[in-house]
Amino acid sequence: MKLLLLSALLGVALAHLCGKFTTADDHYDVAAMLKDPVQVKYHMDCFVGRRICEPFSFSYKKNMPEAIPTACLRCTDGQKHMWNIFLNGLKKYYPTEYLAFQRKYDPSNIFLDELMKAVKDY
């Protein structure tokens with residue numbers, strides 16, 4: 001019985017590790033969001049901890065601590081596309097927000113460049 005329970009728990013853990021991330025909308029128009037400074041601030045305030053996240057923003061934030069250091073290993077192609085647009089747009093048009101994002105998720109400055117390389121063709 002213990003072996004069966006252990007096998008089931010191991011199976012659930014492996015499925016989680018091998019599965020793709022889930023978000024509220026893998027087809028969210030990140031480019032349109034980046035054209036609206038109010039929307040950028042709204043999402044960034046959640047992502048970097050300046051406000052409590054509502055469910056939509058949280059669906060993206062919950063994946064960030066794993067997606068960033070693993071260069072989006074468990075991301076879908078749609079999520080990689082969104083990361084590409086988000087990071088490049090943030091860096092180009094909202095450099096202060098990009099730095100806040102970097103301080104939160106990559107304070108040693110070792111992961112975001114690799115993530116950007118991993119998603120650049122999406």
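1. What share of the contacts in the protein chain with a separation of 6 or more comes from residues 24 or more positions apart? Such residues account for 66% of those contacts, a contact being heavy atoms within 4.5 Å.

2. Basis of the note. The model is predicted, so that local features need pLDDT of at least 70 and side-chain atom pairs count only at pLDDT 80 or more, whereas totals for chains, interfaces and linings use all residues. Residues are numbered from 1 along each chain as its sequence is written, and side-chain values use heavy atoms, with hydrogens and water left out.

3. Confidence. The predictor's confidence in each residue is given as pLDDT, on a scale from 0 to 100. For the protein chain the mean pLDDT is 87, and 85% of the residues reach 70 or more. Residues 1-16 stay under 50, and the model has one contact beyond four places in sequence for them. Where pLDDT is low, the predicted coordinates should not be read in detail.

4. Secondary structure. The protein chain has eight helices and zero strands, where helices (H or I, at least four residues) and strands (E, at least two) are DSSP runs numbered from the N terminus. Along the sequence the pattern reads α-α-α-α-α-α-α-α.

5. Surface and burial. The accessible surface of the protein chain is about 7600 Å², and carbon and sulfur atoms hold 66% of it. Areas come from the Shrake-Rupley method with a 1.4 Å probe; for residues, only the protein chains shown count as cover. Of the 122 residues in the protein chain, 37% are buried. Here buried means under 20% relative accessible area, exposed over 50%, and partly exposed in between (1.4 Å probe, protein chains only).

6. Disulfides. A disulfide is a covalent bond between the sulfur atoms of two cysteines. With the criterion of a pair of cysteine sulfur atoms within 2.5 Å, the count comes to two disulfides. With bonded cysteines counted along the chain, their pattern is 1-2, 3-4.

7. The link of C46 and C53. The sulfur atoms of C46 and C53 are 1.9 Å apart. This disulfide is right-handed, with 100 degrees about the S-S bond. Both C46 and C53 are buried.

8. The link of C72 and C75. C72 and C75 also form a disulfide, with their sulfur atoms 1.9 Å apart. The link of C72 and C75 is left-handed, at -85 degrees about the S-S bond. C72 counts as buried because its relative accessibility is 0%, and C75 counts as buried because its relative accessibility is 1%.

9. Salt bridges of R50. A salt bridge is taken as a side-chain nitrogen of Lys or Arg within 4 Å of a carboxyl oxygen of Asp or Glu, and the whole structure holds seven salt bridges. R50 takes part in one with D45, where the closest N and O atoms are 2.6 Å apart. D45 is buried, with a relative accessible area of 10%. R50 forms another with E97, at 2.7 Å between the closest N and O atoms. Because R50 lies in the loop between α3 (37-47) and α4 (55-61) and E97 in helix α7 (residues 95-105), the pair ties together parts that are 47 residues apart in sequence. R50 is partly exposed, at a relative accessible area of 42%, whereas E97 is buried, at 14%.

10. The side chains of E66 and R74 meet in a salt bridge at 3.0 Å, N to O. E66 is partly exposed, with a relative accessible area of 29%, whereas R74 is buried, with 7%. Elsewhere, salt bridges that share partners join K41, D45, R50 and E97 into one network.

11. Aromatic pairs. Rings of Phe, Tyr and Trp (its six-membered ring) pair if their centres lie within 6.5 Å; planes under 30 degrees apart count as stacked, over 60 as edge-to-face and the rest as tilted. The structure holds eight such pairs. W83 and F86 are edge-to-face because their planes stand at 75 degrees, with ring centres 6.2 Å apart. Both residues lie in helix α6 (residues 77-93), three residues apart, or about one turn of the helix. W83 and F86 are both buried. One aromatic cluster is formed by F47, W83, F86, F101 and Y105.
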